[in-house]
Structures are given as structure tokens and as C-alpha cells.
Amino acid sequence: MSQIAIFVSGNGSNCENIIRYFSEHSAVRVALVLSNKADAYALIRARKYHIPTEIVPKSAFNDEAVLMPLLHKYRIDFIVLAGFLLMIPPFLISAYDHRMANLHPALLPKFGGKGMYGRHVHEAVKAAGETETGMTVHWVSNECDGGEILAQYKTPLLPTDTPDDIAAKEQLLEQQYFPQAIEKIIARQTKV
């Protein structure tokens, strides 16, 4: 049984979707939802499903002596970043090499990097006049949004689409495909 942790910073719609998807799964279990923000609504969503939650504030997140024992306590062997807005420290990238995946709300390598999250991404997609957008699932590396791409899903855009329209289309892809992408990635990892 793969024990996964979901790292979140905000609302948690993807977090809840992942929890629901794996709630009856035979090989994957959401064992922890961790947030850097005590007021993240994702924590409330997780508790509704009786998933343990932990808060590690930004000030402690880069402390290996704080974070690693916590992950060991829950026997975490895979991490999913779902709207987590802190940079991941090198010790964690090393400890979870090829066992930590991130969702990015655009088709990387376009519209990635520092400052490219949430509405900023969708505004950039609109400003560039893109005819499609999508979501990317990638390994977490020391380069912001620079890890190997594992899966991408696309949706067409209309010239009249606003950044809000673009966000809505991209979020539909997240809800439909993100849990499945995680499942496939973990399945590949356990066969290696």
C-alpha cells in the first residue's frame, strides 16, 4: 500500500478530489494532508474524510529535523503537491527523488517558474494569445516547474475566453485527470 501525503496551501478542491478518488483504493492511501497555512480550507476538506492533517508553517518547512520525522511518522512514500506554494527544500527533493509530483496549471515548459501560479498563469496564457491550455504533472526538482513532465492534458481556448474562462477550463482537466495521473505514476513506481 502506497502512503501518500498531499501538500496544500489553499482551497483544496484537488486535495478533496484526490482523497475521494483513493478512498476505496486497494493500492494507494492518502495518509496525510500537510499545509503551510493553518487557515487553508483544504485542511477542513481533509478532516471531513478523517484524513490526518498537519501544519508546518513556512518558518519550519525548510527544517529537515521538523519535516522528515513528520513524514516518517505517517510512513509517507509519495508526495503530491496540489496547490502548494512554497519552494521545496533540497533535502526533501533528495529524500523523495522521483516520488514527489506537482500539478502545474499550464502546459509546461510554457508559463512556469517563479511567480507562475494560480491566476498569474491564466492571465499570462491569455496575454500570449494561446489557442490551448492545459495541466502538467511533473516530478519536483530543484528548478521551479523544471522537473521531468509525466503527463499533460490539453483543452482548446477561444479568442473570447477571459482569464477566468481559461481557469475554469483548466480546472475541469484537473478534476478529471489529476487523480488518475497520480495513480498511473505510483503504479509505474511500484513496478520498478
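Helices here are DSSP runs of type H or I with at least four residues, numbered from the N terminus. I keep that in mind for the entries below, and I note that this is a predicted model.

**Entry 1: Arg45**

I looked up Arg45 and found it in helix α2. Is Arg45 buried or exposed? The cut-off for buried is under 20% relative accessible area. Arg45 has 16% relative accessibility, so I count Arg45 as buried. Next I checked what the side chain of Arg45 reaches, and it is the backbone oxygen of Asn11, at 2.7 Å. Leaving aside neighbours within four places in sequence, I listed Asn11, Gly12, Ser13 and Glu16 as the contacts of Arg45.

**Entry 2**

I moved on to strand β2, residues 28–35. Seven of its eight residues are buried, so β2 is largely enclosed by the rest of the structure. Which way do β1 and β2 run relative to each other? Strand β1 (residues 2–8) and β2 run parallel, joined by seven bridges. On the β3 side, β2 pairs in the parallel sense over three bridges. There I found Ser35 opposite Ile55 in β3.

I then followed the chain between these strands. β1, helix α1 (residues 13–22) and β2 form a β-α-β unit, and I noted it as right-handed. β2, α2 and β3 form a right-handed β-α-β unit as well.

**Entry 3: strand β5**

I counted the buried residues of β5 and got five of five, so to speak a mostly covered strand. In a regular strand the side chains alternate between the two faces of the sheet. In β5, Met100, Asn102 and His104 point one way, while Ala101 and Leu103 point the other way, and all are buried.

What lies on either side of β5 in the pairing? β4 and β5 run parallel, with three bridges between them. Ile79 is the residue I found opposite Met100 in β5. From β4 the chain passes through helix α5 (residues 90–95) to β5, and this β-α-β crossover is right-handed. Strand β6 (residues 132–139) pairs with β5 in the antiparallel sense over four bridges. Here Leu103 stands opposite Val137 in β6.

**Entry 4: His98**

I looked at His98 in the loop between α5 and β5. His98 has 36% relative accessibility, so I wrote it down as partly exposed. Its side chain makes a polar contact of 3.1 Å with the side chain of Asp97. Setting aside neighbours within four places in sequence, His98 is in contact with Trp139, Glu148 and Gln189. I also took the distance to Leu34, which is 64 residues away along the chain: the C-alpha atoms are separated by 19 Å.

**Entry 5: the nonpolar cores**

In soluble globular proteins, nonpolar side chains tend to be buried together. I looked for such groups here. How many residues are in the largest nonpolar core? It has 32 residues, and those touching the most other members are Ile4, Ile6, Ile18, Val30, Val33, Val137 and Phe178. Helix α7 (residues 163–191) gives the most to this core, with six residues.

I took Ile6 as an example. Leaving aside neighbours within four places in sequence, Ile6 is in contact with Cys15, Ile18, Ile19, Val30, Leu32, Val33, Leu34, Val80 and Ala82. I also found a second, separate core of 25 residues, which includes Leu34, Leu67, Phe84 and Ile93.

**Entry 6: backbone exceptions**

Most residues other than glycine have a negative phi, and most peptide bonds are trans. I searched for exceptions.

His50 is not a glycine, yet its phi is positive, about 65 degrees. I placed His50 in the loop between α2 (41–48) and β3 (53–55). With 71% relative accessibility, His50 counts as exposed.

Arg75 also has a positive phi, near 55 degrees, in a residue other than glycine. Arg75 sits in the loop between α4 (64–73) and β4 (78–81). Its relative accessible area is 59%, and I recorded Arg75 as exposed.

Which residues does a cis peptide bond join? The bond is between Leu108 and Pro109, with omega about 15 degrees. I found Pro109 in the loop between β5 (100–104) and α6 (119–127).

**Entry 7: the record**

Last, I checked the annotation. An unreviewed UniProt entry gives "domain: Formyl transferase N-terminal" for residues 3–182. Over residues 3–182 I noted 37% helix and 23% strand, with the end C-alpha atoms 12 Å apart.

How values were computed. Residues numbered from 1 in each chain as written. Predicted model: local features only at pLDDT ≥ 70, side-chain atom pairs only at ≥ 80, totals over all residues. Heavy atoms only, no water. Buried < 20%, exposed > 50% of the residue type's maximum accessible area, 1.4 Å probe, protein only. Core = buried A, V, L, I, M, F, W, Y, C linked by side-chain atoms within 4.5 Å. Contact = heavy atoms within 4.5 Å. UniProt positions renumbered as here; feature names shortened; annotations may be inferred. Pairing = 2+ DSSP bridges. Right-handed = clockwise from strand over helix to strand, strands pointing away. Polar contact = N/O pair within 3.5 Å; in protein donor to acceptor, adjacent residues only side chain to side chain.
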